[in-house]
Each structure stands twice: as structure tokens, then as C-alpha cells.
Amino acid sequence: MSASPHNPAMQLDPRTYARGRSCVHCGLCLPACPTYTQTFNEADSPRGRIQLMLALSDGAIQPTESVRKHLDLCLDCRGCETACPSGVVYHELIEETREKLTANQIPTFQDRLMRWTFFHILAKPRRLKLAMVPGRIAKALGLFKFLPASLAKLGQMIPSGGSWWPRSLPRIASGGVSPREVVGFFPTCVGSVMYDQVNRKSVELLQAAGVTVSTPNTQVCCGAIHLHNGDQETAMNLARQNIRAFTSGEPVG
């Protein structure tokens, strides 16, 4: 069955639509969905969201605030995919739908502020380091409670401990005179700043196991923030840059 043309702006690619139709509503995905297990709302479950996305594509419903909220709550963690006996490729459905929602949405000031924060602060480790200094001070003084709820949640992510100015990992961390393996390490944007000690301990553990760790300095944001916010083109460009960074053939050691 192909999608109806009633809502061309929201119409899914026929292949994506067909994958959504393969859902048999068995419910095995429900325990694997972190949002459903919190709200127990069918619209916050993978099968419920699939029905919303197919209905948007068909033009049976409109992208109202309520519909957007249920889709926005999805973490795109893909836990439902491993539990699905029908092999529904859920992430393609949610990512394509979010891209279309973004393209057909008039963003509010708060939406613009959040997107700017995501794309230009969280996805830029050096800028995030700078932003974390007043962020830690604001958290210590309890100032986040005066900000909009979406920004206040960002304040909750700031860890109480850790370095105020994390150092970057070395490009090469040797695993010994005769290392058994060489692995590429991806520290991530947020992880390299907020949880830098976790990254550092991970590298030390690999070294202790005789593994040389390579952390290319040309790697960039993974693009997940962009993809989850409907900017698929930027996410793909970032992915290509990271592929080049890890396959450039630079000598190790």
C-alpha cells in the first residue's frame, strides 16, 4: 500500500511508508521504549508514534502541537528496533518525519533559541567549555529555575563534579611497545566536556589492555543532535567528515 497524496508536505518516501506499514501492533516494543515506560501513553510508544506518522503522511491528521509533542518525546534510541519481530526500521520513520515537520514549521523564539543552543553550543566542544563556566555558576546559585523549562533541563545535565576546563585527549595514547590492537576513539561533543573523566578512564583502560588509542583531531560532532532536530543534510555532512577523519590513513605512533 502506498501513501495517500492528501498531505504532500508530510508524505513519507514510499519505502519508509511501507516499513511503517509492516508494524503488526504486537506491543513487544513497549517495554523497550523509555518514554512509554514513563508515561504509559500509547501515543508515546513506538507503535503509537508509527500510527501518528503514517496518519500525517496520509493527511488523516494534522501536525498539531499534541502530535508534535508525542513525536518530539522520542529519543530515537532505536531500542524498539531490537525488540521488533517484524523488523520495522523505526529510526527512518521518525527521522524523515522530523525533517518534514521542521521544514513545515514556523518556529517560536524558544524553538530558535533551543536549536541555536543545540547546534552552536552543545555541538561545539570549545564553545561548550566556555558556556559551562557560567553554567556551573548559575547551577550553584540556583538560577536555572528562572529560565524556560527547556533550558532549565539543560542545567540539570551539568555534573556537580568534574573539571571546569577539561583537557583534550592525546591524539595517540600508546598501548605499549608492542600493542595488540589500535582503536579509534570518539570522545563526543558533550562527553568530552561534561564527562571527560569517563573518556580519560576509558582510554587508560584500553592502554592497560595493551591497546593503542587513536583520537583524530579532525573529527567533528557526530550529527545526532542535528539529525534528531530535522537537519538531515548537516548530519550527513558531519558523518562524512568523521569517516574521513578515521580513514585518512594517518600514521599511528
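**Overall picture, then pockets and cavities**

Guide: Of the 253 residues of the protein, 40% count as buried, where buried means under 20% relative accessible area with a 1.4 Å probe and protein chains only. This is a predicted model, in which local features need pLDDT of at least 70 and side-chain atom pairs count only at pLDDT 80 or more, while totals for chains, interfaces and linings use all residues. Residues are numbered from 1 along each chain as its sequence is written, and side-chain values use heavy atoms, with hydrogens and water left out.

Visitor: How many helices and strands are there?
Guide: The protein has 13 helices and three strands. Both are DSSP runs numbered from the N terminus: helices are H or I with at least four residues, strands are E with at least two.

Visitor: What does the C-alpha trace span?
Guide: About 65 × 45 × 30 Å along the principal axes.

Visitor: And the accessible surface, what does that come to?
Guide: About 14400 Å², with 59% of it belonging to carbon and sulfur atoms. The areas come from the Shrake-Rupley method with a 1.4 Å probe.

Visitor: On to pockets. What volume does the largest pocket have?
Guide: About 1900 Å³. A pocket is an open set of points on a 1 Å grid over the protein atoms alone, with protein on both sides within 12 Å along at least five of seven lines; a lining residue has an atom within 4 Å of a point. The volume is the space filled by probe spheres set on the points, which are joined across faces, edges and corners.

Visitor: How do the lining residues divide?
Guide: For the largest pocket, into 18 nonpolar, eleven polar and nine charged. Ala, Val, Leu, Ile, Met, Phe, Trp, Tyr, Cys and Pro count as nonpolar, Asp, Glu, Lys and Arg as charged, and the others, Gly among them, as polar.

Visitor: What about the second largest pocket, what is its volume?
Guide: About 790 Å³. It is lined by 32 residues, and Pro125, Ser192, Asn217, Gln219 and Val220 are the closest to its centre. α8 gives the most to this lining, with four residues. The lining of the second largest pocket has 13 nonpolar, ten polar and nine charged residues.

Visitor: What lies closest to the centre of the largest cavity?
Guide: The largest cavity has a volume of about 140 Å³. Cys23, Cys29, Ile50, Cys84 and Val88 are the closest to its centre, among 17 lining residues. α3 gives the most to this lining, with three residues. Twelve of the lining residues are nonpolar, three polar and two charged.

Note on methods
1 Å grid on protein atoms, 1.4 Å probe; cavity = no way out; pocket = protein on both sides within 12 Å on 5 of 7 lines; lining within 4 Å. Buried < 20%, exposed > 50% of the residue type's maximum accessible area, 1.4 Å probe, protein only.
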